[in-house]
Structure formats: structure tokens, C-alpha cells
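Subject: Structure for you to look at

Hello,

Please open the structure below before reading on. My notes on what was found follow it.

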Amino acid sequence: MFDLLKFSKSTRLFEGFVVSLMFIAVAPAYSFEPLEKLQVHGFASQGYFLSSENNLYGESSKSHGTLGLTEAGVNMSIRPTNSIRLAIQGIYRHAGAMDESAQIDYALLDWSFLNHEDLRMGLRLGRIKNPFGFYNETRDVAFTRPSITLPSIYYERSRNMLLSADGGQLYVDNTTPIGNFSFQLNVGELGDELEEIEIAILSFDAPGHLENKQSFIGKLGYENTSGATRLAFSYADADMEYKPTSGDFLDNGHLNFKLFLFSAQQTIGAITLTGEYLRQENIFEDFGPFYPKATPTSESYYIQGDYHLNDHFKAYTRYDALFSNKDDRNGKYYPPNIPRSTAFTKDYMIGLQWNPSTQWMLQAEYHRINGTALLSFADNPDRLAVKQHWSVFTLQLSYRF
Amino acid sequence: MERISFFVLCFICLASPVSQGVELFVNSRVPITSLSATEARNIFTMRTQQWPDRQPIKVFVLNDDHPLHKQFSKETLRVFPYKLRRIWDRNIYSGTGEAPTTLDSEEEMIKAISTLAGSIGYANKGGENVRLIKVQ
């Protein structure tokens with residue numbers, strides 16, 4: 001069943017295009033009343049990064065900084081019948097030297113086969129965003145992020161692994177007297193641009209390439225009746241395979257990632273506290289004699305405080321930490337050709353957000369960072385040149401409709 | 001000193017106009033007369049999508065900055081307007097749901113509720129073909 005729906009790697013864009021055409025064909029037929037027509041929304045944001053050392057989204061350490069993070073998207077949603085909804089979103093994204101592409105972000109058919117006041121269940125088929133933590137499903141939309149860029153749990157390296165699944169999602173939403181419980185489970189094939197993961201794991205750009213296999217991502221959520229308390233547990237189990245080239249010194253290796261993510265948020269008046277903790281168990285095996293089996297466990301977490309000064313201003317602060325191997329937090333056992341600072345990142349941040357209207361948002365942040373684990377290899381090709389202590393000033397302007 | 005403050009307080013009370021309450025309205029064909037605050041919140045966060053008779057709910061709101069929207073959001077739903085916006089953004093940008101239709105004025109709001117089956121919204125006062133809903 002999933003094979004039918006699966007957008008094969010090279011044709012992901014093409015299939016998305018076909019789905020868009022279907023939309024255009026279906027949309028006019030179902031616009032009965034003027035106010036019942038399809039919903040169209042979009043966003044665009046531009047980031048600016050200036051760092052004391054190391055590169056973030058382009059050459060941020062050059063004297064003028066970089067405008068290397070641009071994100072824009074448009075989406076449509078239409079409900080041709082009471083229980084069927086079609087939705088699609090296309091995004092353009094430029095992220096330093098890592099990414100410059102236009103993609104179908106999601107394209108899905110949503111069939112809510114049970115729609116009671118207290119209990120709703122349904123299936124979504126197509127390309128579906130992965131429910132993982134508080135922010136993964138809308139990770140490219142500035143208005144839904146708690147800061148200019150997401151904390152390290154969501155970092156760029158695992159972006160393509162976690163972004164979306166081509167397959168299906170089962171969802172359940174249950175309203176009870178004590179609050180709302182929700183559950184989503186995605187089964188399907190994950191994204192396929194895995195160079196950053198490959199370098200991070202093999203510590204060099206190997207001749208072959210990584211391929212995703214079928215994966216599971218699920219999330220169980222709770223929200224109390226006022227929405228002030230939110231809790232979630234997310235789990236992902238992703239498998240990858242290393243496809244060697246002919247004469248490769250590496251064998252047909254297997255990788256497995258198990259991610260356990262705990263999320264909590266509490267709002268008290270104008271203050272919101274948010275924390276998330278990720279434990280990621282990795283298994284890398286069958287690569288042959290040059291790459292012995294390794295089973296490191298990574299860990300990352302953050303705590304963020306938001307203070308809404310009024311309807312237009314928000315001040316926020318966050319401590320964010322990431323350890324590539326929780327049994328070697330300082331990189332003591334790293335090989336000599338890899339800087340120890342790539343084992344961790346500890347990021348202290350303060351920021352201010354201004355919403356002059358619903359359409360516009362301007363943010364400014366200052367980060368003091370110890371460690372380089374979250375740096376991308378594409379933006380920092382010389383691994384030995386990275387500096388352990390650095391700081392970043394960043395701005396972002398966002399528009400939505 | 002206390003006396004003066006008392007008079008000042010009285011003066012403020014008398015001088016300020018009685019703030020008009022914001023009321024919840026539905027199209028007159030919607031088969032309900034009251035909602036709990038939680039039910040209203042579930043409708044405005046787009047979670048509940050059908051009325052008890054299974055006709056789809058159409059939600060209308062005013063702009064986030066409209067005083068009536070702020071009042072409705074804080075007093076009736078007991079949610080900050082920015083929280084509502086966050087929920088709607090999560091819906092539309094993840095592909096899992098929709099956002100209410102935003103209108104520019106109270107007149108448009110009453111007109112939409114009175115003409116469209118299954119619609120819900122809020123205003124200071126009603127009109128023809130709309131029903132006032134008590135929020136308990």
C-alpha cells in the first residue's frame with residue numbers, strides 16, 4: 001500500500017507537481033459557497049547571522065555576516081466533503097552551503113473516518129510531516145518556532161531524516177474532562193539527503209552513500225483544558241543502509257537510530273517555560289574492518305523561558321546543550337584528527353521578538369556558545385579550523401499571510 | 001489620603017463607559033443554545049469540526065489586533081490571542097488542519113454568521129438569523 005503512495009527519491013518533486021495539478025483540478029469543482037473556498041496561506045523569512053568564529057548558514061564569520069537563511073512557502077487546504085481534506089505545501093529554502101532547494105513539503109489526503117465531538121480518528125496519506133517534539137512538523141516556519149532557529153534537538157544534521165515521511169499517518173484526538181490527548185503514528189520513507197549525517201558518523205565523506213529504509217515516528221501528546229500545560233512523548237525508529245561503490249573500502253553497513261523525546265511546556269500568566277530532552281541511541285554496524293561496530297548514545301536538551309511583555313513584544317532566554325556521545329561528553333576519546341569541541345555544544349541565548357502586526361515579525365538574538373557539535377560540515381569544510389568558544393548575533397524578519 | 005483615592009476611584013468608575021460584553025453567536029440553524037468554555041475553545045482552536053447534527057462548523061474571527069478579538073479570546077475562551085495564533089499556525093503549516101476565516105469588521109462577522117449554515121463567531125450585538133450562545 002505504501003509503495004503505491006511512495007514518492008520515489010528522484011521523482012519526489014515530480015510527484016508533488018502531479019498532486020498540485022490534482023488540486024487545481026479538484027478545487028473549483030467543490031467551491032460551493034464563496035466563504036467555503038480553499039484556504040491559502042504562506043510565509044517568508046530572512047535571517048542574518050554574524051559570528052565571532054565558525055560559520056552558521058553561510059560565511060557568518062566574515063566581517064559583514066551572512067544572509068544565508070531564507071525560507072518561504074505557500075500552502076492550500078480544501079475540504080471537498082465533510083470527512084475528506086486535501087492539503088499541500090511547497091517550500092523554498094536556502095540554508096548556507098547545506099541546502100538550496102524548492103520542495104513539496106507536504107501533500108496529503110486527510111480522511112477523518114471518525115468525527116465525534118470528543119473523539120476524532122483518521123488517516124493521512126501522501127507526504128506527511130513527522131510528528132516529533134513540539135516543533136518538527138513546522139520547523140521551517142519562523143512564526144511557529146520559539147526562536148530564530150530551533151534548539152539543537154532539531155539540528156540541521158538530522159533535518160532530512162526527520163522532516164517528512166512518504167507513506168501514511170494514523171491519528172487519534174480525544175477530548176476528556178481533564179484535557180486533550182492526541183496520538184499520531186507515521187509509517188513511511190524518510191528524506192534522502194543524508195550527506196551531513198554520513199560525515200558525522202563516518203567522520204569523512206565516504207565514496208558510497210546512505211539510503212533511508214522504512215521508518216516509524218510517533219507522538220503521544222497531552223494538553224490540559226486551558227492549554228497552559230502541554231506534554232508530549234515522541235519516538236522515532238529509523239533505519240539506513242550504506243550503499244558502497246564498487247571497490248569501496250567500506251561494506252554494506254547498517255545504521256539504526258532510536259530517538260526518545262520528552263517535551264513539556266507550562267504557561268503561567270505572561271510566562272511560558274518549555275523544555276525538551278532527547279536521547280538518541282545509535283547503532284552503526286557491518287561496515288567491515290575499517291569501521292568497527294559503534295553504539296554511541298547522543299543526548300540533547302534545552303530549557304527556554306518566554307516572557308510576553310505585551311501583545312507585541314516577547315523577551316526570551318534559553319540554555320541548550322548537545323552531546324554527541326553521552327559517555328564522552330568532552331570528546332576525550334575522540335581520534336586526534338577530530339577536534340574535541342565537536343563532541344558537544346552548550347549554547348546560552350537571549351532574544352527579543354517584536355510583532356508589529358499579525359503579518360510581520362522581527363527577532364534579534366545573541367548566543368554565547370561553547371562547543372562545535374552543531375556546526376555543519378558544508379559551511380565549515382576544514383574541521384580542524386573550528387573554534388571552541390564563539391558567539392553569534394542573529395536577526396530575522398518574517399512575513400506571513 | 002484614602003478619602004481622596006476613594007473619590008478618584010468613584011470618578012473613574014462613573015466617567016468610564018460600561019464596557020460592552022462580547023457575545024458568541026451562531027447561525028440560527030445551528031442546533032445548540034449553550035456551550036461550555038472548553039467546548040468553545042475546542043471549536044475556535046479548530047479541534048471540533050462538526051455540530052451535533054454533523055454539519056461542518058465554520059469559524060469566523062476578527063483580526064488578532066481587533067479589540068473585540070482580544071476581549072473574546074481572553075474573557076470568553078480564556079486564552080491569549082498569541083496562543084490561538086500559534087495553534088492555527090501549527091494546523092496550517094503542518095498540513096494537519098485549518099485556521100478560522102479572518103474578517104475585517106463586526107458588520108462582516110454578523111453578515112457571515114447570518115448567511116452561512118454552520119457558522120460561529122462573536123460580536124457586541126446580534127442581528128437577523130443569528131442566535132446568541134451562552135458560554136457557561
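**The interface of chain B and chain A**

Chain B and chain A bury about 3800 Å² between them, with 42% of it on carbon and sulfur atoms; buried area is the accessible area (1.4 Å probe) that two parts lose on being put together, summed over both. This is a predicted model: local features need pLDDT of at least 70, side-chain atom pairs count only at pLDDT 80 or more, and totals for chains, interfaces and linings use all residues. Residues are numbered from 1 along each chain as its sequence is written, chains are lettered from A and ligands numbered from 1 in the order in which they are written, and side-chain values use heavy atoms, leaving out hydrogens and water.

The contact (heavy atoms within 4.5 Å) involves 53 residues from chain A and 38 residues from chain B.

Six salt bridges are found across the interface, a salt bridge being a side-chain nitrogen of Lys or Arg within 4 Å of a carboxyl oxygen of Asp or Glu. One of them joins the side chains of B:K70 and A:D311, at 3.1 Å from N to O.

On the side of chain B that touches chain A, the elements giving two or more residues are α2 (37-44), β3 (58-62), α3 (67-76) and α4 (81-94) of chain B. Helices (H or I, at least four residues) and strands (E, at least two) are DSSP runs, numbered from the N terminus. The largest share, nine residues, comes from α4(B).

Regards
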